[in-house]
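Please keep the structure open while reading.

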Amino acid sequence: MAHTWRANAAVAGGYWLLGLAALYLAIPPLIASPLWPAAGFASLMVMRFGYRLAPGVFLGSVLAILTEAALRGEPIDWAVQTPLVLMISSGAVARSHLATWLVRRFAWDAEADHPIHLKAMLLAGPVATLVSAVFGTGSLAAVGLAGSDQLLYVWFTWWLGDTVGTMAVWPVFTPFLWTGPHRSLRNWMLGTLPVFGVAAATMGVFVLVRAQEHDLESEVYRDEAVHIASHVEVEVKRSLDVLDAVRAMLREHPAAPLEEYQRFVDTVVGNDLSTHGVAWVRPVHRDERAAYEQARSAELARPFQITEPDGQGGYRPAGARDLYLVVHLTAPATRHNETLGLDTLSTGSADTYGIAARSRSRETTAPFRLAQDKEGRLSVLVIEPVWLTSPSAEEPDGYLALLLRPSDLMAASAGPAEAEGLDIRLLTSAPQPNLLFEQRADDRLAPEFQHTVPIDVPGDNWQLVITPTLGSAVTHASLAPWFLLLTGSLTTAGLGLLVQSLNDRRGEVQLTVERQTRDLARQNEELARARDAAEAANRAKSTFIATLSHELRTPLHGVTGMLELLEPTLHSEQQRNLASTALESASALLAVIGDLLDVASLESGKVAFVDEPFSVRDVTEDAMCFVAAVAARKHINLWCIVDPAVPTGMVGDPARVRQILLNLVGNAVKFTPSGRVCMKVQLDEHAGQPEIVFRVEDSGPGVAKEDLTRIFEPFYQAQQGHQRSYGGTGLGLMISRDMARSMHGDVALESTSPEGSCFALRLPLRATEMPREHLAAHTLVLAGNDPCFVASAFAACPTATREVGSPAQLAAAVADAGDNVWVLFHEDEGEWSEAVQALEDARVIAVGSQIAASPPWPGQVRRLLKPLTSPRLHAVIEGPAQPTSPPRHAAPPSGRRFLVVDDHGISRFVAVAVLRNAGHEVIEAESGAEAVTVIEADPHIDAVLMDCQMPGMDGYETTRRIRALPQGAAVPILAVTANVGEEDRRACTDAGMDDVIGKPFTQEELLACVARHVSSASSLPH
């Protein structure tokens, strides 16, 4: 063990030293080297001493990467470096292992026990290094250090560097690693001296040429920095010219009104984006404040006060101070009208105003953020004192304040072509520089390429700091040193190979063929055993899934069925609440089981998809209505907006689409404490093909940036605390995405925190026509302006809906609409309430988040719980005025006889109780043989409920035997099973069963299924 660790430490040290030497040969420096001798060293070590040296290769690669990061002079970002290091180091191990396997498999002299060098060097070089190049390039792309336009360059440089490095070190190290009678140290030294001479000459010339190219590249970057800085100075000078023009205007018209001042400034500024605003600031003393505010109010014909920032992006009346420097005039009006009256001393610029007054010259403030700038960009003020009446006075009559935004200056000075590939920062002068503008780049080069250029501004000197990035370095890098190093390295490798070939004359082709034949036979045997094991494991997994489904669902069916039967018999509200809570918990457990079984089925490829026409609106509205009650309890506005351009139907798997939508909508309602959840269905196009997009938007907390890469992972929920707050397995999104991809679509997160979340289901569109309901005989008048409410109404009934602009216009709009008018009132918009109440004898549909106890308006009022969908709207308009729910109690006898076959007593009891409560006669059978006997003796059985998993004769065989009887050929047989997979359903159909009911089922599900096959059951209670 100690010997193995020492060997790994030696390999790690050698790899690190060779990698460090290669980094100084990189073009650009410390980025990618066209010669990486550590690759050949690692492959030879593993080839000679075995795979146990893999930790040493991995550790050496880690040390080389971390050393490269440290030499670049930047702090190590572990969030980026950790996956980068792991992937690149894993690629190094994979390269050495693949090289070893290829050489031992195809280029090994078994008798002499050493590699056949020409063949081995080609396999370990150009072939095996493909792996490390893919790992390295993929890792740089994954962490964002290499763009798509750089991938081919980086991959080729990586592959060529590993290949040339392997071929260069091969003839140097192999004589030490494989000794023999024909490979003496004396012969090796005599032969390799020319190799070392060529290598040394190549390196010397390379270093000289690269140093010259390095100076030329640095000069190019300095010129770019000077060019951009000069443009910034020009833009500043242009803005200062605007200041001169405004000062002259004020001296000619010191009492110019605000409109005249703004017109003049707008004319002078024109399309100059660098000048963001010019303000005329006047001093006002405390005893002059009231008179000044009164005069300005009269002049502006509106209330006017001296204000100060309130710290929340707005303004409040200024506090008491001896002196105010008030914004008297400001322009352009569209940007700065709200700053009229602002006391600029409250913004922290007092020192700059004082310096400008004393020096009688322009001064520039420190960077700050304007209260009215919602984007929070940095700005500076150029302050100029102005004397209008007495130039010799000690204090100026006011100040001109020129507002500049460094980001606008840089946008006007450095276009995309000039700034591409550069890391740019604009700073104020030392000793305490402030950052004015920053264009960050994660792949900055070493500080030796950094250039700083001063920029002259009034009262200050800014600094423009430019650092090139990997992209720009690749663009400007010269290929001369690269080709020089490549040519010299290949020459060295070729010469070394010749020496090695002369020193190694042994090898038998026949022995190689026999060895390869033996290896191939052994590998074929191993592959056959692995194939058999994989097939057996897959069969075992399928059996486990089926067994797990049955064994979990069967007892859970007893729990849910008993609770459903128990709930109507309870008289205490507390007891009913306890039973309801237990039923909800059992349903939640069933959802968890369903998620786990869905995951297992997806992984084993057992999920089958169908293609059939279905209504897009029906699937969408079903999903929204399913969560309506939960949303109402949480006071969440639920909206469903289907674009009229969406086809009425499409071809696909409606059950899977509904399952995905239910998951997305359910998640949105679960994680949204209050606010809204909206589903928008639209048409889109991807790669030239039409697709339908279901977007589920919510106003919840959103998804944090650190969770974006893991939100679709199994058993993971964004912000792990949600697992305690909301429950769930964290499997829903993964299942939804995998199902969508199986249907050639996808599920993605389109928007994130802090503005809520938007999950989108995209499916390729195969449109078909489906019938659509219309309210042709009715007119809907909308009483509400909420955009979601209006859009949902038009989507539900586009041809019969009219929008009203304001509550005052409601009565007239209703009168103009003619007969059959319904007022669609949005309860969450209270300003419409009085207008609706004033309507006499109007028919009102109140759309709200929860059902109220009694209508507050006269006339006919019906209520609609969100979401506002077409079927729900039709049901409210065309249904009874006061809909009632039928009581849930035992129905009178229907004269129907059912046979329930189930070996599980509790499951049988639940089915029997539900049917008897519905008024049916039920016969029980505990086995398949007993069921066949009952059918033979009783020809008046109307339907059979058949369990599939029974000892002895299972449900499938029992069904086939019943079908063989004359009286059993036409009787409906309904499978009742806990195995609900597609294969299980097909097995039921193949056995002759008419339908499938999955355990656990609700009373409504069982009775609905019976009603489909027994006509008189259509009146059963729901």
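Two strands are taken to pair if DSSP finds at least two bridges between them. Helices (H or I, at least four residues) and strands (E, at least two) are DSSP runs that are numbered from the N terminus. The model is a predicted one, in which local features need pLDDT of at least 70 and side-chain atom pairs count only at pLDDT 80 or more, whereas totals for chains, interfaces and linings use all residues. Residues are numbered from 1 along each chain as its sequence is written, and side-chain values use heavy atoms, with hydrogens and water left out.

**Overall figures**

- The protein holds 32 helices and 32 strands.
- Of its 1022 residues, 49% count as buried, where buried means under 20% relative accessible area, exposed means over 50%, and partly exposed lies in between (1.4 Å probe, protein chains only).
- Among contacts (heavy atoms within 4.5 Å) with a separation of 6 or more, 68% come from residues 24 or more positions apart.

**The parallel sheet of five strands**

- An open sheet is formed by 5 strands in the order E29-E28-E30-E31-E32, with parallel pairing.
- Strand E29 (921-925) and strand E32 (995-998) stand at the edges, and because each has a single partner strand, one side of each is left without a neighbour in the sheet.
- From one strand to the next the twist averages 20°, with axes taken as lines fitted to C-alpha atoms (for helices over the stretch in contact) and angles running from 0 to 180 degrees between N-to-C directions.
- Strand E31 (residues 973-977) is joined to E32 by 4 bridges in the parallel sense, and Ala975 stands opposite Val996 in E32.
- Helix H28 (residues 905-917) packs on this sheet, where it touches strand E28 (897-901), E29 and strand E30 (943-947), and its direction makes about 165° with that of E29.
- Helix H30 (residues 955-964) lies across E30 and E31, running at about 150° to E30.

**The antiparallel sheet of three strands**

- A further open sheet consists of 3 strands in the order E15-E17-E22, with antiparallel pairing.
- Its edges are strand E15 (612-615) and strand E22 (767-768), each with a single partner strand, so one side of each has no neighbour in the sheet.
- E15 and strand E17 (residues 649-652) pair in the antiparallel sense over 4 bridges, and Ser615 stands opposite Gly649 in E17.
- Helix H19 (residues 616-626) packs on the sheet and touches E15 and E17, its direction making about 60° with that of E15.

**An enclosed strand**

- All 6 of the 6 residues of strand E25 (residues 821-826) are buried, so the strand is largely enclosed by the rest of the structure.
- In a regular strand the side chains alternate between the two faces of the sheet.
- Both faces of E25 are covered, with Val821, Val823 and Phe825 buried on one side and Trp822, Leu824 and His826 buried on the other.
- E25 pairs in the parallel sense with strand E23 (residues 779-783) over 5 bridges, Leu780 having Trp822 as its bridge partner.
- E25 also runs parallel to strand E26 (residues 843-848), to which 4 bridges join it, and the bridge partner of Phe825 in E26 is Ala846.

**Charged pairs**

- A salt bridge is a side-chain nitrogen of Lys or Arg within 4 Å of a carboxyl oxygen of Asp or Glu, and by this rule the count comes to 33 salt bridges.
- Arg222 forms a salt bridge with Asp223, with the closest N and O atoms 3.2 Å apart; Arg222 is partly exposed at 34% relative accessibility, and Asp223 is partly exposed at 40%.
- Asp322 and Arg286 meet in a salt bridge (3.4 Å, N to O), which links distant parts of the chain, 36 residues apart.
- Asp322 counts as exposed at 58% relative accessibility, whereas Arg286 is partly exposed at 46%.
- Asp738 and Arg737 form a salt bridge (3.7 Å, N to O), in which Asp738 is partly exposed at 24% and Arg737 counts as buried at 18%.
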